[in-house]
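This report describes selected side-chain and helix contacts, taken one region at a time.

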Amino acid sequence: MLSMQVPATGTSSPKMIPYRTAGLDRLGRMAYQHGLGYLWRNFESKIPGLFVDDATENRIGVVKAGRDQLHWVSTLEELCTTLKEGMSTLLILNRYNSWSRIDITIQAFSVVCHFAEITPFFLHFLVGMGRKFSSKDEDFMSCYSTFASENTLLVSSLGSGMEKHSDSLWGICYNIRHFEQHTRDLEDPWSCRQSALHHSFLAVSRQSTWVVIQPPKAFDLTVSSTQHPMSLHLRYLHACLANWREYLDSFAQRLKLLNQQIAIPNPYENFKINFSHEQHLHHLRGKLHHALSILTNMINTFRIIAEHESAVAQEQSLCQAVHHEFQRELRNLSREVDNYIETSHKFLRMADDLKSMYDNILTFHGQELQHDTSLKLAHLAQADAAGNRDMAVLADLTHKDSRSMRITTAIAMFYLPVNLVMSFFSTTLVQYGTAVDATENHSSRMQVRSEVWIATVAAIVLAISTACWSWWWNWKEQKKPDNKAFQQTTGP
């Protein structure tokens, strides 16, 4: 990682960079000169995730003006040799995907910074293009323009001091988010891509250097010799807008399918709408809001490009026809973006209408479920009332049965003494026989054995034992916890 020290006095700038590369040295000092030291420190901390480590993975596309042929270089020597040829050059820096690092080493990027006169504002976009493990920093878009005349003191690329540039330097950089189709097996075939462009233009030599990170697939990788030094911006912006019409049409098709489910008049119970439809619609609305934010930021970028071009045209005394043609083409692009913005608003309004219909249908379904639940509760209440009536009838029958049992018990208690007496006289304790001293009429008498007291005592002891055992059993049952709780709940 780069390290840096800031002197206590004078202009704040890094004093030591271990890589000792001119481009990074100049870029870091300019960052502190413009008050962007925080951005430089953020860039330093993210270097391992921004650039590849292996020099064999270096891959920089180079297109020279008039040659119209993309040439890929991988070594620093070849890159330096190519960039020293002194003509307008387009540099392409690619990434494997939107979550991977840029296919260039930090040393090669330093060479690019040196020859392309990269401004520190470009770091705003660079720090958001490193390796990622989750979706983050997917909304930032901006545009920055700079100008340094030939008398302006600039940071030297070869030393620690300041130097006067021999040529006026115009610079503009911005990032554009656009949509392209991916090849993954997903429901949504579109992915949001980010591309960044930096353009430096030397006024006297009329030499331009463009650096484009992850250009759109529709971008024509050529550098044509035209009268306007910013003509490549128009081709780049056209490429960024190439898929917007198709992308927004995909929303039209999905919203159309959702609308067909509720467009035909039907009783609401026939609509097969559930909460998942609301979730799907919420997901589409989120994508539309994201697209609308990108388009709005793109309009702001167009405005800054127009202002920058007007300043360049005035300073360079460009032909009025060339200047007006550029502005006219840029206005055409702006009107196209305005149309996409209006289309996005239309789809959002359609989504709002669909959400309102979904809410009404789900509300009616909820009311119907509530009504059905109320009916079921009423049926349960009726069944409970019928059960209570049955319990009352059962209680009445139980009362009648208990009355019958009391009558039966009373009758049994009436006959029990008689049964006891008759049982006693039917035992062997009592005998009937002829008396020894019987009279002549042969009369008989009853005899009771003297051991009758044994039976009497046994009966009394058994009765007392039974009474004691019954009392003990009742006392034990009352001591149980369940019985105590029952008595507390049923007590007064």
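Arginine 328 is partly exposed, with a relative accessible area of 38%, where buried means under 20%, exposed over 50% and partly exposed in between (1.4 Å probe, protein chains only). The model is predicted: local features need pLDDT of at least 70, side-chain atom pairs count only at pLDDT 80 or more, and totals for chains, interfaces and linings use all residues. Residues are numbered from 1 along each chain as its sequence is written, and side-chain values use heavy atoms, with hydrogens and water left out.

**Salt bridges**

The structure holds 10 salt bridges, each defined as a side-chain nitrogen of Lys or Arg within 4 Å of a carboxyl oxygen of Asp or Glu.

| Arginine 328 | Glutamate 325 | 2.7 Å |

Arginine 328 and glutamate 325 both belong to helix α10 (residues 320-425), three residues apart, about one turn of the helix. Helices (H or I, at least four residues) and strands (E, at least two) are DSSP runs, numbered from the N terminus. Glutamate 325 is likewise partly exposed, at 41%.

Arginine 26 is buried at 3% relative accessible area, and glutamate 117 is buried at 17%.

Lysine 287 counts as partly exposed at 22%, whereas aspartate 188 is buried at 14%.

**The loop between α5 and α6**

Threonine 119 is also placed in the loop between α5 and α6 (123-126) and counts as buried, at 7% relative accessibility. Leaving aside neighbours within four places in sequence, threonine 119 is in contact (heavy atoms within 4.5 Å) with Leu27, Thr146, Cys173 and His198. Threonine 119 and isoleucine 172 are 53 residues apart in sequence and 8.5 Å apart in space, C-alpha to C-alpha.
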